[in-house]
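Hi everyone, thanks for coming.

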Amino acid sequence: MSVFVMGDLDLPVRGRTYREPEGPHSMVVRGKDLDAALQHIVSRADCRSVAVVGLPEQVPDLGPLVGRRLMLVDGDSGRLRNFAEVAIRAGIEVEWIRSARPPFERLAAALLPVGGIVLAAGSSSRMPGSQKLLLDLDGVPMVRHVLEAASEGGCHQTVVVYAEDDVRRAIDGRAETVFNAKSATGMASSLRVGLKALRREIEGAMVLLGDQPLVGSRTVATLLRAWRREGSRPAVAVSQGEDGWAPPVLLSREMWPQLLALRGDAGARQVLHGRPELLDIVPAPGRSDDIDTPDDYAKIVRLFPRRRPRQRA
(Lines give C-alpha, C1' and ligand atoms only; values in the text may rest on other atoms or scores of the structure.)
Protein backbone atom coordinates (compact mmCIF):
# COMPACT_ATOMS: atom_id res chain seq x y z
CA MET A 1 0.00 0.00 0.00
CA SER A 2 1.48 3.32 -1.08
CA VAL A 3 0.73 6.73 0.39
CA PHE A 4 0.79 9.27 -2.42
CA VAL A 5 1.74 12.67 -1.02
CA MET A 6 0.66 15.23 -3.60
CA GLY A 7 2.69 18.39 -3.06
CA ASP A 8 5.27 19.50 -0.55
CA LEU A 9 3.97 17.89 2.65
CA ASP A 10 6.68 16.07 4.58
CA LEU A 11 5.07 13.02 6.16
CA PRO A 12 7.44 10.24 7.36
CA VAL A 13 4.94 7.46 6.68
CA ARG A 14 5.61 3.97 5.26
CA GLY A 15 5.20 3.58 1.51
CA ARG A 16 5.33 7.32 0.93
CA THR A 17 5.73 8.44 -2.65
CA TYR A 18 5.65 11.82 -4.40
CA ARG A 19 4.93 10.37 -7.82
CA GLU A 20 1.76 8.58 -8.83
CA PRO A 21 2.17 5.06 -7.47
CA GLU A 22 1.24 1.85 -9.19
CA GLY A 23 -1.57 -0.13 -7.64
CA PRO A 24 -3.87 0.64 -4.68
CA HIS A 25 -2.95 3.69 -2.63
CA SER A 26 -4.09 6.46 -0.31
CA MET A 27 -3.41 10.14 -0.91
CA VAL A 28 -2.55 13.19 1.21
CA VAL A 29 -2.99 16.64 -0.34
CA ARG A 30 -3.04 20.28 0.72
CA GLY A 31 -6.34 22.07 0.28
CA LYS A 32 -4.86 24.41 -2.34
CA ASP A 33 -4.19 21.36 -4.52
CA LEU A 34 -7.57 19.70 -3.98
CA ASP A 35 -8.78 20.29 -7.56
CA ALA A 36 -5.75 18.43 -8.92
CA ALA A 37 -6.32 15.67 -6.39
CA LEU A 38 -9.93 15.26 -7.52
CA GLN A 39 -8.73 14.90 -11.11
CA HIS A 40 -6.34 12.18 -9.94
CA ILE A 41 -9.17 10.39 -8.16
CA VAL A 42 -11.37 10.45 -11.25
CA SER A 43 -8.64 8.67 -13.22
CA ARG A 44 -7.60 6.24 -10.46
CA ALA A 45 -10.26 3.90 -9.11
CA ASP A 46 -7.60 2.31 -6.91
CA CYS A 47 -7.17 5.45 -4.78
CA ARG A 48 -8.93 4.23 -1.64
CA SER A 49 -8.73 7.16 0.76
CA VAL A 50 -7.84 10.86 0.77
CA ALA A 51 -6.62 13.21 3.49
CA VAL A 52 -6.93 16.95 2.89
CA VAL A 53 -4.76 19.22 5.05
CA GLY A 54 -5.73 22.90 5.23
CA LEU A 55 -9.12 23.25 3.55
CA PRO A 56 -9.89 25.83 0.83
CA GLU A 57 -12.57 28.45 1.46
CA GLN A 58 -14.98 27.01 -1.11
CA VAL A 59 -16.13 23.39 -1.10
CA PRO A 60 -15.66 21.90 -4.58
CA ASP A 61 -17.73 19.09 -6.06
CA LEU A 62 -16.83 16.12 -3.84
CA GLY A 63 -18.65 13.60 -6.04
CA PRO A 64 -15.44 11.77 -7.09
CA LEU A 65 -14.85 10.89 -3.40
CA VAL A 66 -18.02 8.81 -3.07
CA GLY A 67 -17.02 5.26 -2.13
CA ARG A 68 -13.71 6.40 -0.64
CA ARG A 69 -12.71 7.41 2.88
CA LEU A 70 -12.06 11.11 3.46
CA MET A 71 -10.13 12.80 6.25
CA LEU A 72 -10.26 16.57 6.74
CA VAL A 73 -7.64 18.53 8.73
CA ASP A 74 -7.97 22.23 9.46
CA GLY A 75 -7.66 24.63 12.37
CA ASP A 76 -10.93 26.41 11.52
CA SER A 77 -13.99 24.73 13.05
CA GLY A 78 -16.44 26.42 10.69
CA ARG A 79 -14.57 25.34 7.58
CA LEU A 80 -14.30 21.78 8.91
CA ARG A 81 -18.01 21.67 9.62
CA ASN A 82 -18.95 22.97 6.17
CA PHE A 83 -16.76 20.46 4.36
CA ALA A 84 -17.92 17.59 6.57
CA GLU A 85 -21.60 18.43 6.06
CA VAL A 86 -21.20 18.49 2.27
CA ALA A 87 -19.29 15.18 2.36
CA ILE A 88 -21.87 13.49 4.59
CA ARG A 89 -24.75 14.64 2.36
CA ALA A 90 -22.88 13.11 -0.59
CA GLY A 91 -22.66 9.77 1.25
CA ILE A 92 -18.90 9.95 1.80
CA GLU A 93 -17.29 8.28 4.82
CA VAL A 94 -15.59 11.24 6.50
CA GLU A 95 -13.45 11.94 9.57
CA TRP A 96 -12.23 15.35 10.64
CA ILE A 97 -9.51 16.71 12.91
CA ARG A 98 -9.26 20.26 14.18
CA SER A 99 -5.56 21.01 13.95
CA ALA A 100 -3.44 23.78 12.45
CA ARG A 101 -0.61 21.32 11.71
CA PRO A 102 -0.72 17.90 10.05
CA PRO A 103 -1.15 15.42 12.96
CA PHE A 104 1.21 12.72 11.76
CA GLU A 105 0.06 9.81 13.92
CA ARG A 106 -3.63 10.43 13.26
CA LEU A 107 -2.99 10.73 9.52
CA ALA A 108 -0.86 7.59 9.45
CA ALA A 109 -3.53 5.67 11.36
CA ALA A 110 -6.25 6.82 8.96
CA LEU A 111 -4.20 6.05 5.84
CA LEU A 112 -2.86 2.70 7.08
CA PRO A 113 -5.59 1.11 9.25
CA VAL A 114 -4.71 -2.10 11.11
CA GLY A 115 -6.94 -4.95 12.22
CA GLY A 116 -6.27 -7.14 15.25
CA ILE A 117 -6.70 -10.92 15.03
CA VAL A 118 -6.91 -12.65 18.42
CA LEU A 119 -6.22 -16.38 18.04
CA ALA A 120 -8.52 -18.05 20.57
CA ALA A 121 -9.37 -21.42 19.01
CA GLY A 122 -6.79 -23.57 20.80
CA SER A 123 -7.71 -26.74 22.71
CA SER A 124 -5.86 -25.96 25.99
CA SER A 125 -4.43 -29.49 25.95
CA ARG A 126 -1.83 -28.73 28.64
CA MET A 127 -4.31 -27.10 31.03
CA PRO A 128 -6.20 -30.03 32.60
CA GLY A 129 -9.91 -29.62 33.20
CA SER A 130 -10.40 -26.08 31.91
CA GLN A 131 -10.38 -23.80 28.87
CA LYS A 132 -7.40 -21.62 29.73
CA LEU A 133 -8.68 -18.59 27.82
CA LEU A 134 -11.53 -18.33 30.34
CA LEU A 135 -9.27 -18.30 33.40
CA ASP A 136 -9.88 -15.30 35.62
CA LEU A 137 -7.39 -12.44 35.82
CA ASP A 138 -8.52 -9.53 37.96
CA GLY A 139 -12.15 -10.50 37.48
CA VAL A 140 -11.99 -10.75 33.67
CA PRO A 141 -11.47 -13.82 31.41
CA MET A 142 -7.92 -13.90 30.09
CA VAL A 143 -8.93 -13.65 26.41
CA ARG A 144 -10.78 -10.38 27.07
CA HIS A 145 -7.56 -8.73 28.28
CA VAL A 146 -5.99 -9.53 24.91
CA LEU A 147 -8.82 -8.20 22.75
CA GLU A 148 -8.97 -5.04 24.90
CA ALA A 149 -5.25 -4.52 24.32
CA ALA A 150 -5.87 -4.70 20.56
CA SER A 151 -8.82 -2.30 20.49
CA GLU A 152 -7.49 0.16 23.07
CA GLY A 153 -4.04 0.10 21.46
CA GLY A 154 -5.39 1.45 18.17
CA CYS A 155 -6.59 -1.42 15.98
CA HIS A 156 -9.44 -0.26 13.74
CA GLN A 157 -11.11 -3.68 13.78
CA THR A 158 -10.69 -6.52 16.27
CA VAL A 159 -11.60 -10.11 15.37
CA VAL A 160 -11.52 -13.06 17.77
CA VAL A 161 -11.20 -16.48 16.15
CA TYR A 162 -12.82 -19.10 18.38
CA ALA A 163 -13.76 -22.79 18.33
CA GLU A 164 -15.73 -23.18 21.59
CA ASP A 165 -18.99 -21.42 22.39
CA ASP A 166 -17.80 -20.68 25.93
CA VAL A 167 -15.05 -18.49 24.47
CA ARG A 168 -17.52 -16.67 22.22
CA ARG A 169 -19.79 -16.01 25.19
CA ALA A 170 -16.86 -14.67 27.21
CA ILE A 171 -16.21 -12.07 24.49
CA ASP A 172 -19.71 -10.75 25.26
CA GLY A 173 -19.99 -8.61 22.13
CA ARG A 174 -16.80 -6.64 22.81
CA ALA A 175 -15.28 -7.67 19.48
CA GLU A 176 -16.23 -9.44 16.28
CA THR A 177 -16.12 -13.23 16.60
CA VAL A 178 -15.55 -15.72 13.80
CA PHE A 179 -15.87 -19.48 14.16
CA ASN A 180 -13.05 -21.78 13.01
CA ALA A 181 -14.57 -25.14 12.14
CA LYS A 182 -11.12 -26.55 11.34
CA SER A 183 -9.34 -25.46 14.53
CA ALA A 184 -8.12 -29.01 15.18
CA THR A 185 -5.87 -28.77 12.12
CA GLY A 186 -3.69 -26.10 13.76
CA MET A 187 -2.95 -22.39 13.93
CA ALA A 188 -2.81 -21.84 10.17
CA SER A 189 -6.56 -22.40 9.84
CA SER A 190 -7.27 -19.73 12.47
CA LEU A 191 -5.01 -17.28 10.68
CA ARG A 192 -6.90 -17.87 7.43
CA VAL A 193 -10.27 -17.35 9.10
CA GLY A 194 -9.08 -14.17 10.82
CA LEU A 195 -7.49 -12.62 7.74
CA LYS A 196 -10.58 -13.28 5.63
CA ALA A 197 -12.73 -11.53 8.25
CA LEU A 198 -10.78 -8.24 8.06
CA ARG A 199 -12.41 -5.42 6.16
CA ARG A 200 -11.26 -4.35 2.71
CA GLU A 201 -9.61 -1.13 3.88
CA ILE A 202 -7.40 -2.85 6.49
CA GLU A 203 -3.75 -2.67 5.43
CA GLY A 204 -2.04 -4.54 8.26
CA ALA A 205 -2.96 -7.49 10.51
CA MET A 206 -1.87 -7.54 14.15
CA VAL A 207 -1.81 -11.19 15.22
CA LEU A 208 -2.23 -11.68 18.98
CA LEU A 209 -2.40 -14.89 21.00
CA GLY A 210 -5.37 -15.25 23.29
CA ASP A 211 -3.20 -16.60 26.11
CA GLN A 212 -0.90 -13.55 26.43
CA PRO A 213 -2.78 -11.31 28.89
CA LEU A 214 0.30 -9.25 29.83
CA VAL A 215 0.50 -7.83 26.32
CA GLY A 216 -1.18 -4.51 26.91
CA SER A 217 -2.46 -1.63 24.81
CA ARG A 218 0.91 0.17 25.01
CA THR A 219 2.58 -2.83 23.33
CA VAL A 220 0.04 -2.71 20.51
CA ALA A 221 0.41 1.07 20.10
CA THR A 222 4.22 0.74 19.98
CA LEU A 223 4.04 -1.83 17.17
CA LEU A 224 1.55 0.30 15.22
CA ARG A 225 3.82 3.35 15.37
CA ALA A 226 6.87 1.31 14.34
CA TRP A 227 5.08 -0.29 11.38
CA ARG A 228 3.68 2.99 10.07
CA ARG A 229 6.95 4.90 10.10
CA GLU A 230 8.91 5.63 6.95
CA GLY A 231 11.33 2.86 5.99
CA SER A 232 9.68 0.16 8.09
CA ARG A 233 9.68 -3.45 6.94
CA PRO A 234 6.51 -5.40 6.07
CA ALA A 235 6.36 -7.01 9.53
CA VAL A 236 7.13 -5.81 13.05
CA ALA A 237 7.23 -7.79 16.31
CA VAL A 238 8.28 -7.42 19.93
CA SER A 239 11.94 -8.10 20.73
CA GLN A 240 12.63 -11.00 23.08
CA GLY A 241 16.09 -12.04 24.20
CA GLU A 242 19.10 -11.79 21.91
CA ASP A 243 17.96 -11.42 18.30
CA GLY A 244 14.63 -13.11 19.08
CA TRP A 245 11.05 -11.96 18.77
CA ALA A 246 7.66 -12.82 20.15
CA PRO A 247 4.03 -12.12 19.27
CA PRO A 248 2.13 -9.93 18.81
CA VAL A 249 3.35 -9.50 15.27
CA LEU A 250 2.01 -7.00 12.71
CA LEU A 251 2.03 -8.06 9.06
CA SER A 252 1.42 -5.89 6.02
CA ARG A 253 -1.31 -6.92 3.56
CA GLU A 254 1.38 -7.74 1.00
CA MET A 255 2.36 -10.73 3.20
CA TRP A 256 -1.14 -12.13 3.63
CA PRO A 257 -1.01 -14.48 0.61
CA GLN A 258 1.94 -16.27 2.26
CA LEU A 259 -0.01 -16.57 5.51
CA LEU A 260 -3.11 -17.83 3.72
CA ALA A 261 -1.03 -20.57 2.09
CA LEU A 262 0.12 -22.02 5.43
CA ARG A 263 -1.19 -25.35 6.66
CA GLY A 264 -1.12 -27.27 9.92
CA ASP A 265 0.25 -25.66 13.08
CA ALA A 266 2.31 -23.07 11.17
CA GLY A 267 2.09 -19.33 11.71
CA ALA A 268 3.89 -16.08 10.99
CA ARG A 269 7.15 -17.45 12.38
CA GLN A 270 7.36 -19.94 9.51
CA VAL A 271 6.90 -17.16 6.94
CA LEU A 272 9.49 -14.89 8.58
CA HIS A 273 12.09 -17.51 9.50
CA GLY A 274 15.44 -16.83 7.86
CA ARG A 275 14.17 -13.63 6.21
CA PRO A 276 15.35 -10.73 8.38
CA GLU A 277 14.72 -8.30 5.52
CA LEU A 278 10.98 -8.70 6.19
CA LEU A 279 10.95 -8.05 9.94
CA ASP A 280 11.59 -5.15 12.30
CA ILE A 281 12.06 -6.15 15.94
CA VAL A 282 11.31 -3.39 18.43
CA PRO A 283 11.37 -3.08 22.22
CA ALA A 284 7.93 -2.59 23.71
CA PRO A 285 6.31 -2.37 27.14
CA GLY A 286 4.30 -5.30 28.45
CA ARG A 287 5.31 -8.96 28.52
CA SER A 288 4.86 -11.75 26.00
CA ASP A 289 4.47 -14.55 28.60
CA ASP A 290 1.88 -17.07 27.48
CA ILE A 291 -0.13 -19.49 29.62
CA ASP A 292 0.03 -23.20 28.81
CA THR A 293 0.15 -24.92 32.21
CA PRO A 294 -1.21 -24.38 35.74
CA ASP A 295 2.26 -23.17 36.80
CA ASP A 296 2.20 -20.55 34.02
CA TYR A 297 -1.17 -19.34 35.24
CA ALA A 298 0.02 -19.07 38.84
CA LYS A 299 2.99 -16.97 37.70
CA ILE A 300 0.82 -14.66 35.60
CA VAL A 301 -1.59 -14.12 38.49
CA ARG A 302 1.34 -12.88 40.58
CA LEU A 303 2.56 -10.59 37.80
CA PHE A 304 -0.77 -9.25 36.60
CA PRO A 305 -1.19 -5.52 37.29
CA ARG A 306 -4.21 -4.94 39.49
CA ARG A 307 -6.70 -2.39 38.30
CA ARG A 308 -7.01 0.51 40.70
CA PRO A 309 -10.56 1.21 41.90
CA ARG A 310 -11.99 4.45 40.60
CA GLN A 311 -12.35 7.17 43.19
CA ARG A 312 -15.77 8.71 43.48
CA ALA A 313 -16.03 12.47 43.23
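When I say strand or helix, I mean a DSSP run, numbered from the N terminus: at least two residues of type E for a strand, at least four of type H or I for a helix. Strand S13, residues 235-239, pairs with S15 in the parallel sense over four bridges. Two strands count as paired if DSSP finds at least two bridges between them.

Before I go on, a word on where this comes from. It's a predicted model, so local features need pLDDT of at least 70 and side-chain atom pairs count only at pLDDT 80 or more, while totals for chains, interfaces and linings use all residues. Residues are numbered from 1 along each chain as its sequence is written, and side-chain values use heavy atoms, leaving out hydrogens and water.

Okay, back to the strands. In what order do the seven strands of this open sheet run? They go S11-S10-S7-S12-S14-S13-S15, and the pairing is mixed. At the edges you find S11 (176-179) and S15 (279-282), each pairing on one side only. Ignoring direction, neighbouring strands here are turned by 25° against each other on average; angles come from axes, lines fitted to C-alpha atoms (for helices, over the stretch in contact), and run from 0 to 180 degrees between N-to-C directions.

There's another open sheet, with six strands in the order S2-S1-S3-S4-S5-S6, and its pairing is parallel. Strands S2 (16-17) and S6 (93-98) have a single partner each, so one side of each is left without a neighbour in the sheet. Further in, S4 (47-53) and S5 (69-74) pair over five bridges; one of the links is serine 49 with arginine 69 in S5. Helix H2, residues 77-89, packs on this sheet and touches S5 and S6, its direction making about 175° with that of S6. Touching, or contact, means heavy atoms within 4.5 Å. Helix H3 (104-111) packs there too, and its direction makes about 170° with that of S5.

Now for helix H7, residues 217-228. How far apart are its end C-alpha atoms? They are 17 Å apart, which agrees with the 16 Å that twelve residues should span at 1.5 Å a residue; the expected span is 1.5 Å times one less than the number of residues. Nine of the twelve are buried, so H7 is largely enclosed by the rest of the structure. Buried means under 20% relative accessible area, exposed is over 50%, and partly exposed is in between (1.4 Å probe, protein chains only). Take threonine 222, in H7: it's buried at 17%. Beyond four places in sequence, threonine 222 touches Pro283, Ala284 and Pro285.

Last stop: the aromatics. A search of the whole structure finds one aromatic pair. Tyrosine 162 and phenylalanine 179 form it, and it's tilted, with 5.5 Å centre to centre and 55° between the planes. The rule is that rings of Phe, Tyr and Trp (its six-membered ring) pair if their centres lie within 6.5 Å; planes under 30 degrees apart are stacked, over 60 edge-to-face, and the rest tilted. Tyrosine 162 sits in S10 and phenylalanine 179 in S11, 17 residues apart. Are the two partners buried or exposed? Tyrosine 162 is buried at 9%, whereas phenylalanine 179 is partly exposed at 48%.
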